[in-house]
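Hello,

Here is the structure I promised to hand over. My notes on it follow below.

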Amino acid sequence: MGKELSRAFPVARRTFEEANDLLGYDLGRICFEGPHDDLMSTEHCQPAVLTHSVAAWRVACEHDVMGDLTMGHSLGEYSALVACGSLSFGEALRMVQARVAASTDVVAQHPGSMAAVLGASDEDVEALCREAGEVWPANYNCPGQVVASGLQRGVDRLMDLARARGIKAKLLDVDGAFHSAVMAPAADKLLSLIHTSDPKSQA
C-alpha cells in the first residue's frame, strides 16, 4: 500500500516518513511489506489510509492537479480536512490515533463486524437487519449495495438469513461494528477530546 507511489515521488516518501516520526513506529514498513493482518488491524489501517491519502494528494498538488472542494466519508473526512487546510497532517494523524484508541476499546468489549449486502433494495436490507437483530444498515453506498454493521452475532444471523433467501452478502475485512450504535461510546470519547483540544471551547 503506497509502495510504488513512494518509490516514484519523493513527496509521498516524505509523507510516510513524517507519519513514522509522528506515530513512533514504522508505518511505512507495515504499508509496504505487511503482513496483511497487521495492516488491516484497526490500529494500523486507519493511520495507513490517512497517510496514503495525504501522500497521493501532495503528489497531485505538485503536478498542479487541484480541486475546488474536498469531501470525505468517515475516515476520509480527515484527509479532506487536511486537503482544504483545516487540519495539518500531524493534527489529523493525532486525531485518527485517538479515534483508533476509542474504537479499539469498544471493539474489545463488544466484538462486531460489517457486511455488504448486494443486489437487494434498501428496504429489504433494513428488513433483514430488523429480523436478525443487533445489526443495522450503516452505509447506503449505492442502489443495490448497503453495508450493515453490528455485533458479531447479529451480523452472523444476517449472513444466514441472506444466504437462505438467495441474497448475496459479503463480510468486510474489518474488526468492529463501525458506523453503528455499538460505536456510540467511542464517538462520545472522541467528541470530548475534540472539545478539550479546541481553543474556542476553552475561551
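**What is in the model**

The protein has 10 helices and 4 strands. Helices (H or I, at least four residues) and strands (E, at least two) are DSSP runs, numbered from the N terminus. Along the sequence they follow the pattern α-α-α-α-α-α-α-β-α-β-β-α-β-α.

This is a predicted model: local features need pLDDT of at least 70, side-chain atom pairs count only at pLDDT 80 or more, and totals for chains, interfaces and linings use all residues. Residues are numbered from 1 along each chain as its sequence is written, and side-chain values use heavy atoms, with hydrogens and water left out.

The mean pLDDT (the predictor's confidence in each residue, from 0 to 100) is 91. For 96% of the residues, pLDDT reaches 70 or more. Over residues 199–203 it is below 50. Beyond near neighbours in sequence, that stretch has 4 contacts (heavy atoms within 4.5 Å) in the model.

**Overall**

The C-alpha trace spans about 50 × 45 × 35 Å along its principal axes. Of the 203 residues, 40% are buried. Buried means under 20% relative accessible area, exposed over 50%, and partly exposed in between (1.4 Å probe, protein chains only). Take the contacts between residues at least 6 apart in sequence: 68% of them join residues at least 24 apart.

**H5 and H6**

Helix H5 covers residues 42–62, and helix H6 covers residues 76–83. Their axes come within 9 Å and cross at roughly 30°. Axes here are lines fitted to C-alpha atoms, for helices over the stretch in contact, and angles run from 0 to 180 degrees between N-to-C directions.

From H5, the contact uses Leu 50, Ser 53, Val 54 and Trp 57. From H6 come Tyr 78, Ser 79, Val 82 and Ala 83. The residues of this contact divide into 6 nonpolar, 2 polar and no charged. In that count, Ala, Val, Leu, Ile, Met, Phe, Trp, Tyr, Cys and Pro are nonpolar, Asp, Glu, Lys and Arg are charged, and the others, Gly among them, are polar.

The buried residues of H6 are Tyr 78, Ser 79, Ala 80 and Val 82. Glu 77, also in H6, is partly exposed at 43% relative accessibility. Its C-alpha atom is 9.4 Å from that of Leu 50, 27 residues apart along the chain. After H6 comes Gly 85, with a positive phi near 90°.

Thr 15 sits in helix H2 (residues 10–23). Thr 15 is buried, with a relative accessible area of 0%. Leaving out residues up to four places away in sequence, Thr 15 touches Thr 51, Val 54, Ala 55, Arg 58 and Phe 89.

Glu 4 is in helix H1 (residues 3–8). Glu 4 is exposed, at 53% relative accessible area.

**H8**

Which residues of helix H8 (residues 122–132) are buried? They are Val 125, Leu 128, Cys 129 and Ala 132. Seen down the axis, they fall within an arc of 100°, so they line one face of H8. The arc is that of the directions from the helix axis to the C-beta atoms.

The cover over these buried residues includes strands E1 (112–118), E2 (135–142) and E3 (145–151), plus helix H9 (152–164). On the face turned away from the buried side, H8 carries the exposed residues Glu 123 and Arg 130. Just after H8, Gly 133 takes a positive phi of about 75°.

Best regards
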